[in-house]
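I opened the model to look up a few side chains and their surroundings. My notes follow in the order I made them.

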Amino acid sequence: MLTLVAPEYALDSTLSPANDLYSLGCLLYAVHLGGSPPFKTHNSMQGLRECVERELVTGRWKGGAKWAGASADLKDLLGKLVTRSPQTRISLASLASHPYFSSLAISTLNFLDPTNFASKSREEKATFLKGLLRVLPGFSEKLRRRKLLPGLLDEVRRDRAIPDDTD
């Protein structure tokens with residue numbers, strides 16, 4: 001799928017770990033800003049070249065209502081991942097320390113991870129759930145439906161407030 005392939009790999013045959021960082025940026029874009037990568041190449045090299053020249057280099061891909069509604073940390077990270085040149089891309093070593101990964105939304109997802117959430121005390125869970133309403137608007141509808149809601153329902157089932165369908 002050429003829409004996720006780093007331009008330096010597809011156009012210049014340059015292979016490096018930075019290629020994966022570009023792909024990660026495209027995936028993050030798709031998850032947070034509309035369900036598809038920032039460029040539509042129609043799986044053609046010519047389409048990729050045109051997108052690189054017309055949108056990536058000029059920065060036109062950073063637009064629209066969804067981009068305007070994204071958090072500053074997400075915009076900054078995407079701007080450092082989805083670049084034409086691997087030299088201007090954020091490094092793998094500094095990726096984890098980017099503010100996006102310590103944002104409230106990411107902390108919420110990490111807290112809800114089944115391996116973490118089940119081990120939390122009832123007090124920690126209650127405090128978390130009280131604050132959840134404040135951060136919900138920061139999540140896309142897709143993330144709320146596919147990640148948050150199933151995690152919360154699993155926890156409710158564990159507490160036996162709702163019987164599991166498989167019982």
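I looked up L95 and found it buried, at a relative accessible area of 10%; buried means under 20% relative accessible area, exposed over 50%, and partly exposed in between (1.4 Å probe, protein chains only). The model is predicted, so to speak of local features I need pLDDT of at least 70 and for side-chain atom pairs 80 or more, while totals for chains, interfaces and linings use all residues. I number residues from 1 along each chain as its sequence is written, and side-chain values use heavy atoms, with hydrogens and water left out.

L95 sits in helix α6. I take helices (H or I, at least four residues) and strands (E, at least two) as DSSP runs, numbered from the N terminus. I then listed the contacts of L95, leaving aside neighbours within four places in sequence: L21, L24, L77, L81, I90 and F101. Contact here means heavy atoms within 4.5 Å. I also checked L95 against L81, 14 residues apart along the chain, and their C-alpha atoms are separated by 9.3 Å.

Next I went to H98, which is in the loop between α6 (92-95) and α7. Is H98 buried or exposed? H98 counts as buried because its relative accessibility is 5%. The side chains of H98 and D76 are joined by a polar contact of 2.6 Å. A polar contact is a pair of N or O atoms within 3.5 Å; within protein, one must be able to donate a hydrogen and the other to accept it, and residues adjacent in sequence count only if both atoms are side-chain atoms. Beyond four places in sequence, H98 is in contact with D73, D76, L77, K80 and I90.

I then looked at the largest nonpolar core, which has 35 residues, with W61, L78 and L81 making the most contacts inside it. Such a core is a set of buried Ala, Val, Leu, Ile, Met, Phe, Trp, Tyr and Cys residues joined through side-chain atoms within 4.5 Å. Helices that each supply at least two residues of this core include α2 (17-33), α5 (72-81) and α10 (141-158). The largest share, six residues, comes from α2. For L78, I find contacts with G25, L28, Y29, L33, W61 and W67, again leaving aside neighbours within four places in sequence.

Last, I noted the whole protein. I count ten helices and zero strands. Of its 167 residues, 35% count as buried. The C-alpha atoms fill a box of roughly 55 × 35 × 30 Å, taken along the principal axes.
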